[in-house]
Amino acid sequence: MDESVIAFCSSKPNSPKLSMIRNQNESNHRLLAFPTIRPCVDVSLTTLLSSLIALSRRISTFTSKSKSFPCNKRNAIKCIRFVEPLGLFLQEIRDCCTKTCNSSSSCSLRLALSELHVTFQKLLFLLEDSDRQGARLWMLMESDRVVAIFRDLTQSIVTAFDVFESDGVEVSEETMEQVELVKKQARKARFEVEGDDERVMMCVVSVLEQFEKRVAPNEGDLKWVLDYIGVKGWSECTKEVEFLEGEFGLEWLNEERGKVGFLSSLIGFMSYCRCVVCEFVDAEKGDKRSSGSSCISGEILSCFKLDDFRCPISLELMTDPVTIETGHTYDRVSILKWFRSGKLICPKTGKRLSSIEWVPNSAIRRLIHQYCFENGIPVAADPGHRNRDIAMTVQPGSLAAEEAMKMLASFLTGKLENGAMGEKNRAAYEIRLLSKTSIFNRSCLVEAGSIPLLLKLVSWWDSSTQENAVAALQNLAKFPKGRAVMVENWGIQLIVGVLNGGLKIEARQHAAATLFYLASNEEYGEMIGEEPEAIPSLIKLIKDGSDRGKKIGLVAISSLLSQPENHRRVLTARVVPLLVDILKTCEKEDLVTGSLVILAALAEKSDGTIVILNCGALDVAVKILSSSTSRVGKEHIVSLLLSLSINGGVDVVARLVKSPSLMGSLYSQLSEGTSQVSKKASALIRILHDFYERRSSSGHKTSVLPQEQQFIHVW
């Protein structure tokens with residue numbers, strides 16, 4: 001939107017950094033949603049008219065762009081031509097606005113201009129949506145709705161100018177004649193779905209009906225649809241899929257879910273086109289996707305730190321950011337609790353709110369997800385949101401989507417089995433994408449027999465093929481039957497082989513993540529531990545990998561510790577010194593927390609306690625407890641200290657008693673921590689109090705170890 005519009009219509013965002021994101025993507029709203037903002041009641045007529053003129057100029061620029069619209073080209077041009085002549089009319093009103101302001105008719109004029117301003121905003125949003133990359137198929141299939149909106153906006157413009165005429169606005173006779181001509185043309189204008197648009201829409205519907213009957217559509221029909229809407233190649237096809245998936249997710253949250261089925265069918269249509277029709281993957285954008293990046297640039301991400309994404313109320317990382325009336329963003333759960341407590345003000349500004357309505361901030365949510373991905377930070381989700389996300393991926397939203405996915409799974413499995421080397425790599429990559437978020441897609445791909453064929457690719461000498469195959473297996477390992485099939489086909493041994501000697505660090509990271517999912521089954525966790533290279537290779541990843549690799553390695557080791565036999569293997573592999581070094585030197589909160597999780601698990605047994613104390617972890621843990629802002633990290637430190645006190649005996653307790661900050665940190669956990677950590681903190685406080693009382697009653701100080709060196713070394 002034009003700067004002059006923003007100047008008096010927008011609210012302040014949370015920070016200048018978030019403002020930058022909003023301004024770089026002005027159309028970051030749900031398609032055909034029109035989040036217009038009504039001008040302030042006390043805005044001057046001059047400012048209002050200047051903004052209207054700027055909006056009319058923006059609208060006029062779409063005259064040349066409309067040729068690239070996927071549909072409704074003539075309707076768009078018709079509506080733009082009604083706006084173009086009005087710029088001169090508005091300029092003349094602005095030139096004499098001082099006299100107009102003093103007249104008795106200024107109130108009705110202001111109202112008419114405000115309504116026109118809202119109409120121009122909606123029209124600008126509609127034109128931007130019509131030209132929006134990634135939404136071309138959806139705009140085509142929504143043509144009936146788009147036509148109705150063009151018709152309504154045109155009538156709103158006519159109505160506004162009827163008010164101007166009755167208000168006695170003073171403009172030149174020539175300008176008024178031009179306005180009258182526009183009004184006549186607008187009243188007579190007919191808006192309807194264009195013939196070519198309708199034929200292509202019917203072709204899409206026909207293909208969806210063929211999917212339902214499990215009949216492979218004609219490839220020529222698919223190419224005709226893609227050519228018509230201007231989708232050229234794999235990368236643009238992928239944008240269409242991503243957009244439709246986003247709309248599907250939003251529609252799923254609606255109680256009626258009226259368009260869930262149709263959106264699901266269109267996702268199946270475009271996914272099928274991407275795999276079957278597109279001959280090759282756009283190399284540049286394909287590489288970005290394979291690394292998990294989104295369209296947000298690294299330059300933008302570098303402007304942020306983790307604290308920028310914390311909710312101003314809870315100070316925790318936002319999982320479901322929403323924006324309220326003032327433009328400030330909060331986590332949904334936190335702001336709802338705030339409102340329910342009767343506080344009808346903005347927590348950040350203190351401004352009283354006229355409405356407690358909020359809107360989901362999908363831009364910030366995507367930014368948080370990518371920042372966390374790039375920095376190896378796990379993204380939590382509130383249980384309600386997580387349950388909704390899972391539910392909408394368990395079953396397809398329509399019969400057409402279901403059968404399209406089954407046909408696509410068979411097609412890709414066939415390429416894995418009989419295709420040339422390049423086709424096998426491409427099939428592995430498509431399976432990697434399709435299995436990333438959808439449980440139903442995973443089940444189809446497992447049933448089609450993709451896992452044994454993917455396992456054959458993990459030992460290939462081609463690094464891209466190996467990475468795509470292991471990444472696909474990582475996603476399929478999230479599916480219970482997928483894990484069983486993998487193990488039955490010697491998958492653990494093959495995956496450990498990639499972890500130990502993968503051609504690229506990315507392949508080794510995916511291998512570690514695959515082992516993490518496999519270890520969720522107790523039997524498979526034991527089998528992984530029995531592989532001689534498994535645990536040492538994970539520890540090597542923690543030592544030498546990227547931050548993301550370190551995080552994955554830590555999580556995988558933690559999952560293996562659920563099996564008692566792996567406890568000894570992890571200790572023998574000398575992981576403890578490495579974890580203590582991370583605690584001492586690393587500033588990455590997630591890596592510190594991951595290390596504490598493992599140390600707390602190892603400390604539950606006496607041999608683990610001995611090794612941890614020998615490596616000097618006690619003082620480090622106490623220091624982190626008093627200085628860390630991570631609630632999760634503090635909870636694991638309390639667990640660690642409790643286990644060390646129980647298994648390490650009086651000497652450990654004596655050292656803890658000497659720490660001046662420990663008791664205060666433990667008491668804070670009684671009120672701030674979860675019920676579980678509160679119990680552990682309370683137990684540790686009792687141990688420390690009992691020791692202090694015994695020492696006081698005995699009349700002499702108990703021997704306190706000066707260094708952990710008095711403990712037995714196991715190396």
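## A loop residue with positive phi

Leu-315 sits in the loop between H17 and E1. This is a predicted model. The phi angle of Leu-315 is positive, about 65°, although Leu-315 is not a glycine. How accessible is Leu-315? Its relative accessibility is 55%, so Leu-315 counts as exposed, because the cut-off for exposed is over 50%.

Arg-214 also has a positive phi, near 55°, and is a residue other than glycine. Its place is the loop between helix H12 (195-212) and helix H13 (219-229). Arg-214 has a relative accessible area of 40%, so it is partly exposed.

## Salt bridges

General idea first. Side chains of opposite charge can pair when their charged atoms come close. The structure holds 21 salt bridges. A few of them follow.

Start with Arg-332 and Asp-320. They form a salt bridge, and their closest N and O atoms are 2.5 Å apart. This pair links distant parts of the chain, 12 residues apart. Arg-332 is in helix H18 (residues 332-340), while Asp-320 is in the loop between helix H17 (298-301) and strand E1 (321-323). Are these two residues buried or exposed? Arg-332 has 15% relative accessibility, so it counts as buried. Asp-320 has a relative accessible area of 8%, so it is buried too. The cut-off for buried is under 20%.

Next come Arg-132 and Asp-129. Their salt bridge has its closest N and O atoms 3.9 Å apart. Asp-129 is buried, with a relative accessible area of 0%.

Now take Glu-423 and Lys-415. Their side chains meet in a salt bridge of 3.4 Å, N to O. Glu-423 counts as partly exposed, at 35% relative accessibility. Lys-415 is at 27%, and counts as partly exposed as well.

Some charged residues join in a network. Which residues are linked by a network of salt bridges? They are Glu-142, Arg-145 and Lys-259.

## A negative patch

Charge also shows up on the surface. Glu-522, Glu-523, Glu-526 and Glu-530 form a negative surface patch. One of these, Glu-523, is placed in helix H29 (residues 522-530). Glu-523 has a relative accessible area of 53%, so it is exposed.

## A covered helix

Helix H34 covers residues 589-602. How far apart should its ends be? H34 has 14 residues, so at 1.5 Å a residue it should span 20 Å. Its end C-alpha atoms are 20 Å apart, which agrees.

H34 is mostly covered. Of its 14 residues, 11 are buried. The buried residues include Leu-591, Val-592, Leu-596, Ile-598, Leu-599 and Leu-602.

## A contact across the chain

Ile-324 lies in the loop between E1 and strand E2 (329-331). Its relative accessible area is 5%, so Ile-324 is buried.

Technical notes
Residues are numbered from 1 along each chain as its sequence is written. This is a predicted model: local features need pLDDT of at least 70, side-chain atom pairs count only at pLDDT 80 or more; totals for chains, interfaces and linings use all residues. Side-chain values use heavy atoms; hydrogens and water are left out. Patches are made of residues with over 30% relative accessible area and no salt bridge: like charges are joined within 9 Å, nonpolar side chains (Val, Leu, Ile, Met, Phe, Trp, Tyr) within 5 Å. Accessible areas come from the Shrake-Rupley method with a 1.4 Å probe; for residues, only the protein chains shown count as cover. A salt bridge is a side-chain nitrogen of Lys or Arg within 4 Å of a carboxyl oxygen of Asp or Glu. Lys and Arg count as positive and Asp and Glu as negative; His and the chain ends are not counted. The place of a charge is taken as NZ of Lys, CZ of Arg, CG of Asp or CD of Glu. Helices (H or I, at least four residues) and strands (E, at least two) are DSSP runs, numbered from the N terminus. Buried means under 20% relative accessible area, exposed over 50%, partly exposed in between (1.4 Å probe, protein chains only). The expected span of a helix is 1.5 Å times one less than its number of residues.
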